[in-house]
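Please read the following report beside the sequence and the model.

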Amino acid sequence: MSGIAKLVYTAKTETTGGREKGASRSSDGLLDIRLSVPGSARIGANPEQLFAAGWSASFASAIGLAACKGGIALPAEVSIGAEVDLNLGDGGYFLSARLNVRLPGLERSIANKLVDEAEKSCPYSKATRNNIDIIIRLV
């Protein structure tokens, strides 16, 4: 792990219960959400949905940063479809994921370059690299 040069932000949440009947709230109150298991009738998000939302938002920002550094104008319709799978195998539960990146109007070679740069710089991509199976597609 690299040394911290400058702390930018610390997210603070408190979760009670668990995915079955839990709730999570951020210290600033901006996140206040009930939790549920995938497929449950209970109103609430599951941890895989929250992870997918966080990762896709971070990845979109990383694409924006790469575009800015490269002097590339991004289309307004940039979107990231994230799919996070909860799997069960011999060793227990584990995750796998796919990011489906849409950069309409950009030449494919430029879009691929932005996706490659984002994969290198996105904090979520760094955290998951070599830890879970990931597919990043330009669609």
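L88 is found in strand β4, where helices (H or I, at least four residues) and strands (E, at least two) are DSSP runs, numbered from the N terminus. With a relative accessible area of 60%, L88 is exposed; the classes used here are buried for under 20% relative accessible area, exposed for over 50% and partly exposed for values in between, with a 1.4 Å probe and protein chains only. Together with L86 and Y93, L88 forms a nonpolar patch on the surface, and the three residues have about 350 Å² of accessible area together. Patches are made of residues with over 30% relative accessible area and no salt bridge, like charges being joined within 9 Å and nonpolar side chains (Val, Leu, Ile, Met, Phe, Trp, Tyr) within 5 Å. Accessible areas come from the Shrake-Rupley method with a 1.4 Å probe, and for residues only the protein chains shown count as cover.

This is a predicted model, in which local features need pLDDT of at least 70 and side-chain atom pairs count only at pLDDT 80 or more, while totals for chains, interfaces and linings use all residues. Residues are numbered from 1 along each chain as its sequence is written, and side-chain values use heavy atoms, with hydrogens and water left out.

Strand β4 belongs to an open sheet of 3 strands in the order β4-β5-β6, with mixed pairing. The edge strands, each pairing on one side only, are β4 (79–89) and β6 (133–138), and the twist from one strand to the next averages 15°. Two strands count as paired if DSSP finds at least two bridges between them; β4 and β5 (residues 92–102) pair in the antiparallel sense over 11 bridges. These two strands form a hairpin with 2 residues between them. Within the pairing, L86 stands opposite L95 in β5, and A82 has L99 in β5 as its bridge partner.

Helix α1 (residues 47–70) lies across β4, β5 and β6, running at about 140° to β4. Helix α2 (residues 108–121) also packs on the sheet, touching β5 and β6, and its direction makes about 150° with that of β6. Contact here means heavy atoms within 4.5 Å; axes are lines fitted to C-alpha atoms, for helices over the stretch in contact, and angles run from 0 to 180 degrees between N-to-C directions.

The structure holds 6 salt bridges, a salt bridge being a side-chain nitrogen of Lys or Arg within 4 Å of a carboxyl oxygen of Asp or Glu. Some of them are listed below.

| Salt bridge | N to O distance |
|---|---|
| R25 and D32 | 2.9 Å |
| D85 and R98 | 2.5 Å |
| E119 and R129 | 3.0 Å |

D85 is partly exposed, with a relative accessible area of 22%, whereas R98 counts as buried at 19% relative accessibility. Both residues also belong to a network of salt bridges that includes E83.

E119 counts as partly exposed at 24% relative accessibility, and R129 counts as partly exposed at 34%. In the remaining pair of the table, R25 is partly exposed, with a relative accessible area of 43%, while D32 is exposed, with a relative accessible area of 52%.
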